[in-house]
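Grab a pencil and work through these exercises with the model open beside you. Each task comes with a solution in steps.

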Amino acid sequence: MHTNPFKQLQVNLSVTAATIALLVTAPLMAHGQVNSTTTKPASSNSKTSVVNISITEAEVLAAQKAWGEALVSISTTYDEKGIAAARTLADNIIDQAYAYQSGLVLFKPTLTTGDQTFRTTHKGALSYFVGGDSSFPKDTGFALKGWRKVEIRNAGIFIVGNTATTMGNVSITDKTGKVTTVDKTWQFIRGGDGKLRIIVHHSSLPYSPK
């Protein structure tokens with residue numbers, strides 16, 4: 001059976017014309033020039049419900065401020081009420097500030113070395129802040145050193161959806177007035193309860209060129 005070349009040409013031209021029409025129409029639709037669709041709430045008596053879990057800059061700054069206040073609170077509690085009270089407070093603060101309940105946290109404290117440099121567990125973080133754990137014999141309790149003031153200076157904040165990353169300097173003043181400054185990177189995530197918690201915490205002493 002032979003195909004009529006003239007009819008085949010007509011078919012090809014029809015397909016080509018339809019394709020061109022689609023290509024011409026698509027940009028118009030993308031720019032809202034073809035208005036054939038409307039969106040409305042499900043009920044005329046209500047507004048559309050919207051769930052937005054994106055983190056805001058204000059929430060990041062509040063979480064950083066809360067971390068600084070918590071460090072000072074552990075120090076003052078230790079000075080006024082002793083190690084037992086400071087340990088209990090630190091334990092609760094770690095639960096609130098860090099995401100250990102969701103799994104590991106990528107925590108690299110300032111003053112750790114060797115195979116205990118990284119504290120990916122709640123137990124390791126608690127020992128770093130208040131010491132007293134034989135599994136971490138070199139920990140003396142960073143939060144027990146008389147801290148009275150924390151100042152955070154962000155070099156930048158990068159927010160993507162429900163995660164936020166910050167990098168900058170943190171200056172901590174003790175009760176004698178001595179100031180210690182560290183370079184610090186945090187990453188926060190919004191937990192299932194809506195609260196921001198730390199999933200990455202890297203801290204180190206500033207580089208001093210020789």
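**Exercise 1.** Find out which residues His122 touches, not counting residues up to four places away in sequence.

*Solution.* Take contact as heavy atoms within 4.5 Å. Then His122 touches Asp91, Ile94, Asp95 and Tyr100. Next, look for a polar contact, a pair of N or O atoms within 3.5 Å, where within protein one must be able to donate a hydrogen and the other to accept it, and residues adjacent in sequence count only if both atoms are side-chain atoms. The side chains of His122 and Asp91 make one, at 2.9 Å.

A word on the ground rules: this is a predicted model, so local features need pLDDT of at least 70 and side-chain atom pairs pLDDT 80 or more, while totals for chains, interfaces and linings use all residues. Numbering runs from 1 along each chain as its sequence is written, and side-chain values use heavy atoms, with hydrogens and water left out.

**Exercise 2.** Check the span of helix α2 (residues 57–81).

*Solution.* Helices are DSSP runs of H or I, at least four residues, numbered from the N terminus. The expected span is 1.5 Å times one less than the number of residues. Because α2 has 25 residues, it should span 36 Å, and its end C-alpha atoms, 35 Å apart, agree with that.

**Exercise 3.** Work out what the buried residues of α2 pack against.

*Solution.* Buried means under 20% relative accessible area (1.4 Å probe, protein chains only). Among the buried residues of α2 are Trp67, Leu71 and Ile74. The buried residues pack against α3 (83–97), α4, β2, β3, β4 and β5.

Terms used. Axes are lines fitted to C-alpha atoms, for helices over the stretch in contact, and angles run from 0 to 180 degrees between N-to-C directions. Helices (H or I, at least four residues) and strands (E, at least two) are DSSP runs, numbered from the N terminus. Buried means under 20% relative accessible area, exposed over 50%, partly exposed in between (1.4 Å probe, protein chains only).
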